[in-house]
Structure formats: structure tokens, C-alpha cells
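Could you walk me through this model, one piece at a time?

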Amino acid sequence: MTTQANKWQAGIKKAQGVLLMCAMLGGMLPALAQAQQIDLGVAAQYSGFFFGNVSKLPDVEGRLAVGGDLSLGGASIGGRVPAGSTQPSLVVAGNIKAFSGGSIWSNGQTNSWGVYQGDKAAAVPSYLDLRNVVASPVDFAAERINLSILSQQLRDMPATGKVTQLYAEVTLTGGNRDVEYFNLTAAQVANTLNFALKNVKASAYIILNVAADTQRKVKLGISMNAFEGRGKRVLFNLHDTDVLNMSNVRVVGSVLAPDACVKDSSGHLEGSIIAASWESGMEIGYGPFEAMP
């Protein structure tokens, strides 16, 4: 077994133990205290944050973090990274198997760089500033534990609003609170539907706990025009999803799906995404989730 595999196995065992402890203590924690801990931690610095392999990604406008191997064509990375950045726009804990061209941006300039811990394919163009490091600046195993716990905590929060559906419209009726929690099924985020909001503050955080179908899949395609202008405070929590498909959709908000493999997806995600792996031609924009004060 490789050193990398040993690390992952140890991280998974640790995560299982911490999650069990979290479940035992869950009833002892005040609900308000849990509600105030919606913070994506280190992952909040990245538009795409993946624990495993990433391939086929054409464009990510913020930073990209890859816990496994990276295989890209002519991709653009970091085009909207904020001015004044002193960090790499790309972090790869594994190998760079392919990166045939494109750019690594920062502050609107093609002057940023990436770091990788494993090996780099000989065919990768030399003009891409990719630097080999002994240790990754991101502890992916630790972040997977933290984010898995967060996902379970959000899942267990009491709903503050109700979800109703009339024909193609899925209405989220809130309680006029600062943080609104809604529980949805996979069928209620399908690509033939659209969201509507009612009694939800313009400044509210909207947490959407979406339960996967019986195959532990979610096909996220619902129209999200109702979230325009709110995206930095919208979070889809896919707490039990193993496979995520987003087909020809504009996702407005961020996605927390720590166990999900993202496959066969297209369109644009204007937010951040945290997932197990990525194998899709969908674009990832720049709309970081705002941590709660």
C-alpha cells in the first residue's frame, strides 16, 4: 500500500471516529451554536476543492485544490482570484498527469503558479509555472473530516421553512430568519423545475439540505433565478450523495458534497464546490460562500 493510500485510510478511520463522537454529543449542543458554525474553513479559499482526482475541467475562475491526481486539457485556472493574492492558484497533492495548455491566472494576469506533491507528466508545457513541493499546503484528510462533520451537522438542523411544489415551481417559504434551513428531496431539484422564494430575507443565509435518491444520486438541474444576487449565502448540502450530475444548468450558490463524485455535468456553477472527485466539462465560476459572522 502506498504512503498516499495509507494517509487516506488513516484519515477515513479518524473521520468515522470523529463523526461517531459528534453524533453522541449532538443532542448536548445548542442548536443556535451549531447554526453559527457555517464556515467552510480552508476550502473557502478555493472555487473547486476536491479530495480525489480531477479531470476534464475546462475553467475554474477561482483557486483549485486537488487531493488526488490532475488531468486537464487547455484549462484556465484562477482568472478571478482577488488582487493582492500571494498564494498559488493551483494545489495538487497527487500527480499532474496531463495539463496540455491554458493558463494559471492571478489578479487578471497570467502570472500565478501551481504546486504539486507527486510527479508531473513530461508533456506538460514548460510555460506553466508548476512547482514541486515536499508537502502539500493543504491537509486534505483533515479538511475531509471537518467538512464531513459540518455536512452532517447542517443535515440535522431543524427546518425553519417549508417546501411546497405546484407543477414546475418549488417554493421555499421561510420564517423571515437570518438563517433559513430547507429539506428537499432529489426529485425537487430536477431540471424541469424552478425555485421560488417566499418570506425569505434578502440578507438571509439559505441552507438547502438535499437528500439523494435510493441510488444515492442527485441530478441538480432546477432553475435558480430566484437566487440571483444571493449566491454567496446559498449552500446546497448534499449530505448523502455519492454521484452528482449537473446537466446544462446555472448553479447559483455553493455545493457541499463531501462524498460525491461529480460526473457528466455541464453549464456553469457560480459559487464554490466541495466534493470527492470531479470528471466533468462544467465551468466553475467565482462566488465564494460567505462565512457566517
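First, some ground rules. This is a predicted model, in which local features need pLDDT of at least 70 and side-chain atom pairs count only at pLDDT 80 or more, while totals for chains, interfaces and linings use all residues. Residues are numbered from 1 along each chain as its sequence is written, and side-chain values use heavy atoms, with hydrogens and water left out.

Let's begin with helix α3, which covers residues 140-155. Helices (H or I, at least four residues) and strands (E, at least two) are DSSP runs, numbered from the N terminus. The 16 residues of α3 reach 22 Å from the first C-alpha to the last, close to the 22 Å expected at 1.5 Å a residue; the expected span is 1.5 Å times one less than the number of residues. Among the buried residues of α3 are F140, I145, L147, I149, L150 and L154, and E143, Q152 and Q153 are on that list too. Here, buried means under 20% relative accessible area, exposed over 50%, and partly exposed in between, with a 1.4 Å probe and protein chains only.

Next comes an open sheet of 3 strands in the order β10-β11-β13, with mixed pairing. Two strands pair if DSSP finds at least two bridges between them. The edges are β10 (162-166) and β13 (194-198), each of which pairs on one side only. On average, neighbouring strands of this sheet are turned by 25° against each other, direction ignored; the axes behind such angles are lines fitted to C-alpha atoms, for helices over the stretch in contact, and angles run from 0 to 180 degrees between N-to-C directions. Strands β10 and β11 (residues 169-173) run antiparallel and are joined by 5 bridges, with V163 standing opposite L172 in β11.

The loop between β10 and β11 holds Y167, a residue other than glycine whose phi is positive, near 55°. Y167 counts as exposed because its relative accessibility is 72%. N176 is partly exposed, with a relative accessible area of 43%.

Now turn to strand β16 (residues 234-237), which is covered on both faces. V234 and F236 lie on one side, L235 and N237 on the other, and all four are buried. In a regular strand the side chains alternate between the two faces of the sheet. Strand β14 (residues 205-211) pairs with β16 in the parallel sense over 4 bridges, and N209 stands opposite N237. β16 also pairs in the parallel sense with β19 (residues 254-263), over 3 bridges, where S254 is the bridge partner of L235.

F236 leads us to the largest nonpolar core, in which F99, F236, M246 and I273 touch the most other members of a set of 56 residues. Such a core is a set of buried Ala, Val, Leu, Ile, Met, Phe, Trp, Tyr and Cys residues joined through side-chain atoms within 4.5 Å. Leaving aside neighbours within four places in sequence, M246 is in contact (heavy atoms within 4.5 Å) with residues including L220, V262, L269, I273 and W278. A second, separate core of 26 residues includes I38, V115, L150 and L235.

Finally, S272 sits in the loop between β20 (267-270) and β21 (273-279). S272 is buried, with a relative accessible area of 4%. Beyond its neighbours within four places in sequence, S272 is in contact with residues including Y46, S254, V255, P288 and F289.
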